[in-house]
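Here is a friendly set of notes to read alongside the model. Please keep the structure open as you go through the points.

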Amino acid sequence: MNLSHFFEHWRIEENPFRGEEARHDNVFARMANLDLSAAAKARGAEHSDFEKILGDLGRPSTSIVFGEKGSGKTAIRLQLGSAIRSHNERHPDRKSFLIDYDDLNSVLDRFHAAVGGDVDEALASLRLVDHIDALLATAVTRITSAAVTPGSVESDLSARRLRRLDVASRRTLLQLQAIYDRGDRPEERTPRLRRAIGLAPYWRRLGRLALMALGWAPTAACLYFWAFGGLQGFRSDVVLWLMIGWGAAYLLLLGKLLVWDRFKLRGLGGRLVRQLRTLGRSERSYADALAWLEPSLREPASLPVTDSDDQRYEMLTR
């Protein structure tokens, strides 16, 4: 008797084993749409140790689920998500933030692109901190998207609620975004997030941009008066020296802003690129984002620019 004859004999209309993974299993999907806290238990859809794995969401603890392919790991993962959503609906004042870190293919693709070489050798160099970086990127990108997107469905992460945080926490969020955001053009989302969560404008950067845009005007004015004698009774040699002095100062400032400061930011961005191998961002992206941070927020000692896990755990704590 083959499988089709077996189904026909027992009048089974749909192959319940067609989906190799729970996420692609239509039968499981229909069961997951029910109230898993009651109905699914009655039908035996949950693992016998599910409550132990879930634990107390008010006091989170670590659970490790392992097993061979097809043993039900993905099903447990999906049921955990459903249980957490149910918990958050029942306890709006004690919600849990779920980080979905189960799409490893895209993470490994970015990692291999960053490391290069043979696939097996690249995977052998995968570190614990690479996984932590990917976890942080997943969480920070979701928070940032909710904050900068008007009418986001994730009201708990809306800009209106994030503005209630103290200034230090909002600056921490901005720092995390500049480093770990994987949204569309994350460097452009840094100033948007800054405005959205109510942080004061970074006047130092805005002042620099204004000087770059308008700093040539005094020199041009001096040149005009020197060439055409626009100031009667004013010595032309004084105007000439004013023009030369201001022009030299402007060029020095322009060189510092466009060359030296940019060189330092690109260098810091390069160090981040070499460490954050699962994010797929460029040196320029980091440099443009970091330019919107106060100097205290881009100190290398507080950034993941080495292979140490201390900065990563600190980032998780933040």
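1. At what angle do helix H8 and helix H16 pack, and how far apart are their axes? Helix H8 (residues 128–148) packs against helix H16 (residues 310–317) at about 25°, and the axes are 10 Å apart. Helices here are DSSP runs of H or I with at least four residues, numbered from the N terminus. Axes are lines fitted to C-alpha atoms over the stretch in contact, with angles from 0 to 180 degrees between N-to-C directions.

2. A word on the model: it is predicted, so local features need pLDDT of at least 70 and side-chain atom pairs count only at pLDDT 80 or more, while totals for chains, interfaces and linings use all residues. Residues are numbered from 1 along each chain as its sequence is written, and side-chain values use heavy atoms, without hydrogens and water.

3. H8 and H16 are therefore roughly parallel (an angle under 35 degrees). Leu128, Val129, Ile132, Asp133 and Leu136 of H8 meet Arg312, Tyr313, Met315 and Leu316 of H16; contact means heavy atoms within 4.5 Å. By class, this contact has 7 nonpolar, no polar and 2 charged residues. Nonpolar covers Ala, Val, Leu, Ile, Met, Phe, Trp, Tyr, Cys and Pro, charged covers Asp, Glu, Lys and Arg, and the others, Gly among them, are polar.

4. H8 also meets H10: their axes come within 9 Å and cross at roughly 120°. On the H8 side, the residues are Asp133, Leu136, Ala137, Val140, Thr141, Ile143 and Thr144, and they meet Leu173, Leu176, Gln177 and Tyr180 in H10. The classes are 7 nonpolar, 3 polar and 1 charged.

5. Next, look at H10 and helix H11 (residues 186–196), whose axes come within 9 Å and cross at roughly 170°. That makes H10 roughly antiparallel to H11 (an angle over 145 degrees). Leu173, Leu174, Gln177 and Ala178 of H10 make the contact with Pro186, Arg189, Thr190, Leu193 and Arg194 of H11.

6. Finally, the second largest pocket has a volume of about 1,100 Å³. A pocket is an open set of points on a 1 Å grid where a 1.4 Å probe fits, with protein on both sides within 12 Å along at least five of seven lines; lining residues have an atom within 4 Å of a point. The volume is the space filled by probe spheres set on the points. Of the 35 lining residues, Phe97, Arg142, Ile143, Asp156 and Leu157 are the closest to the centre. H8 gives the largest share of the lining, 6 residues.

Definitions and conventions:
Helix = DSSP H or I, 4+ residues; strand = E, 2+ residues; numbered from the N terminus. Parallel < 35°, antiparallel > 145°, perpendicular 65-115°, else oblique.
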